[in-house]
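Subject: Structure handover

Hello,

Here is the model for your set-up work. Please open it alongside this note; what I found follows below.

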Amino acid sequence: MPNNLIVQQTKKWITDVVVGCNFCPFAAKEVKQDTIHYAVESSNDTTHCLERFLQECKRLDSYTSIETTLVIFSNAFEEFDEYLALVDLAEKVLIDNCYEGVYQVASFHPKYQFAGVDENDAANYTNRSVYPMLHLLREESIEKALENYPDPESIPERNIRFAHEKGVEYMKRLWNTSREGEFKSL
């Protein structure tokens, strides 16, 4: 699949799901200001993917106009357990390269499943993306955003409540449209 289509689908997912459901109350600003960098990695080699992840950390070092980066893995980490191992390795890359406290990783995957939650629970869609990806965020920006946001600890619970209220069929159809086409109100 061409990279531009992968980016287009990812942008639609962000607009329709992340911003549309207000799963991240800070995302709309970054979408509007066009400060999100999309890096598509087609390799299925873990070492190469981690090198790309580190390269994107260095890009953030060099370009302060980029607020956040999504490293999208178009051909790798299809299985969620394999992806979780990648997340652990990415965290280690941050530590080993003195990026701990500078950048933070958020995890999104098409088969995302919270521990102890049924795979068909609507809450999983709060972290289900159209492709496996690592979301690099600037720690300093997160801290600033949270200073002005009342009760940020309630965001995950609010998101889960929203997903449960909408139901798994609604969340699944909304997620599917990111890959397939326009979302029609249910």
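Helix α1 has 17 residues and spans 22 Å from its first C-alpha to its last, close to the 24 Å expected at 1.5 Å a residue. That expected span is 1.5 Å times one less than the number of residues. Helices (H or I, at least four residues) and strands (E, at least two) are DSSP runs, numbered from the N terminus.

The model is predicted: local features need pLDDT of at least 70, side-chain atom pairs count only at pLDDT 80 or more, and totals for chains, interfaces and linings use all residues. Residues are numbered from 1 along each chain as its sequence is written, and side-chain values use heavy atoms, with hydrogens and water left out.

**α1 and its partner α7**

Ile6, Val7, Gln9, Thr10, Lys12, Trp13, Ile14, Asp16, Val17 and Val18 of α1 are buried. Buried means under 20% relative accessible area, exposed over 50%, and partly exposed in between (1.4 Å probe, protein chains only). These buried residues pack against α2 (27-33), β1, β2, β3, β4 and α7. Contact here means heavy atoms within 4.5 Å.

Thr10 sits in α1, which covers residues 3-19. Its relative accessible area is 0%, so Thr10 counts as buried. Leaving out residues up to four places away in sequence, Thr10 touches Tyr38, Leu70, Ile72, Val130, Tyr131 and Met133.

The axes of α1 and helix α7 (residues 168-180) come within 8 Å and cross at roughly 150°. That makes α1 roughly antiparallel to α7. From α1, Gln9, Lys12, Trp13, Asp16 and Val17 make the contact; from α7, Leu174, Trp175, Thr177, Ser178 and Arg179 do. Axes are lines fitted to C-alpha atoms, for helices over the stretch in contact, and angles run from 0 to 180 degrees between N-to-C directions. Angles under 35 degrees count as roughly parallel, over 145 as roughly antiparallel, 65 to 115 as roughly perpendicular, and the rest as oblique.

**The sheet**

Four strands form an open sheet in the order β1-β2-β4-β3, with mixed pairing. β1 and β3 are the edge strands, each pairing on one side only. Neighbouring strands are turned by 20° against each other on average, direction ignored. Two strands pair if DSSP finds at least two bridges between them.

β2 and β4 are antiparallel over 5 bridges. Thr69 stands opposite Leu136 in β4. β3 and β4 also run antiparallel, joined by 6 bridges. There, Phe108 stands opposite Met133 in β4. Of the 6 residues in β3, 5 are buried.

α3 (residues 46-62) has 17 residues and reaches 24 Å, close to the 24 Å expected. The helix lies across β1, β2, β3 and β4, at about 160° to β1. Cys49, Leu50, Arg52, Phe53, Leu54, Glu56, Cys57 and Leu60 of α3 are buried. Their cover includes β1 (36-41), β2 (68-73), α4 (80-96), β3 (103-108) and β4 (133-138).

How do α3 and α4 pack, and at what angle? Their axes are 10 Å apart, at an angle of about 45°. The two helices are therefore oblique to each other. Thr46, Leu50, Phe53, Leu54 and Cys57 in α3 meet Leu86, Leu89, Ala90, Val93 and Leu94 in α4.

Tyr83 is found in α4. Its relative accessible area is 0%, so Tyr83 is buried. Tyr83 and Met133 are 50 residues apart in sequence but 8.8 Å apart in space, C-alpha to C-alpha.

**Two backbone points**

Most residues other than glycine have a negative phi. Phe77, in the loop between β2 and α4, has a positive phi near 60°. Phe77 is buried, at 3% relative accessible area. Asp151 has a positive phi of about 55° and is not a glycine either. Asp151 lies in the loop between α5 (139-147) and α6 (155-166). At 47% relative accessibility, Asp151 is partly exposed.

Best wishes
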